[in-house]
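Here is a short report on one protein model.

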Amino acid sequence: MTTVFINEQAYPINTIYCIGRSYVEHTHELGNQIPTEPLVFLKPNSSIVTGEILTLPNFSDNVHHETELVLLIGENKQIIAYTVGLDLTARDVQDTCKAKGLPWLKAKGFKGACWLGTFKPFKKRHYHLLLTVNDEIRQNDSTDKMMYSFDYLVDYLDNLYNIQAGDIIMTGSPKGVGRLEHGDDLSVGIDDDRYPLRVK
């Protein structure tokens with residue numbers, strides 16, 4: 001289990017809540033309808049990966065990157081830290097599951113489907129997300145375009161699921177998601193922080 005340290009306090013990561021369709025432009029680029037409430041799905045804890053290597057699953061020919069602000073919940077259900085993350089999505093598998101009315105777990109929860117950067121103390125402000133693939137800018141947007149505020153997402157999830165210390169919220173991806181290929185070099189950024197990654 002991945003453990004995060006904030007001010008020397010250990011937080012083993014618990015439930016991974018993911019918010020889908022939280023940016024209007026991204027919702028439109030995938031041809032989806034704007035939701036009337038947050039679309040929530042989960043990733044298993046075992047999908048978390050850190051470091052500089054992304055491994056694509058062998059059952060998909062179309063894995064997409066989705067760059068997201070990630071929030072960490074502390075005691076008293078407060079947001080205490082943030083980082084940038086990648087919600088890797090086997091888009092072909094997801095499309096098949098959606099067409100058949102099946103859950104998305106295989107498309108969203110495979111090993112390595114949740115890449116996380118380094119958590120830092122949270123400040124309530126807007127964050128800038130950036131992703132380049134082989135030096136080409138793919139995603140370049142701000143969290144001020146999110147349809148839901150940070151506090152709203154926390155309250156919404158808490159009312160339904162009783163969030164706990166160690167839970168993380170992947171807040172959704174802005175426009176520009178796209179396919180990854182073996183050998184791609186990525187740079188994932190949030191504000192001035194950059195993380196170099198390579199697709200295995």
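The report covers the overall shape, one lysine and the cysteines.

## Ground rules

This is a predicted model: local features need pLDDT of at least 70, side-chain atom pairs count only at pLDDT 80 or more, and totals for chains, interfaces and linings use all residues. Residues are numbered from 1 along each chain as its sequence is written, and side-chain values use heavy atoms, with hydrogens and water left out.

## Overall shape

The protein has four helices and 18 strands (DSSP runs, numbered from the N terminus: helices are H or I, at least four residues; strands are E, at least two). Its C-alpha atoms fill a box of roughly 40 × 35 × 30 Å along the principal axes.

Buried residues make up 52% of the 200 residues. Buried means under 20% relative accessible area, exposed over 50%, and partly exposed in between (1.4 Å probe, protein chains only).

## Lysine 43

Lys 43 sits in strand β4, residues 39-43. Is Lys 43 buried or exposed? Lys 43 counts as buried, at 4% relative accessibility.

## Cysteines

A disulfide is a pair of cysteine sulfur atoms within 2.5 Å. By this rule there are zero disulfides. For Cys 97, the nearest cysteine sulfur is that of Cys 18, 15 Å away. Cys 97 is buried, with a relative accessible area of 11%.

Cys 114 is in no disulfide either; its nearest cysteine sulfur, that of Cys 18, is 6.4 Å away. Cys 114 is buried, at 0%.
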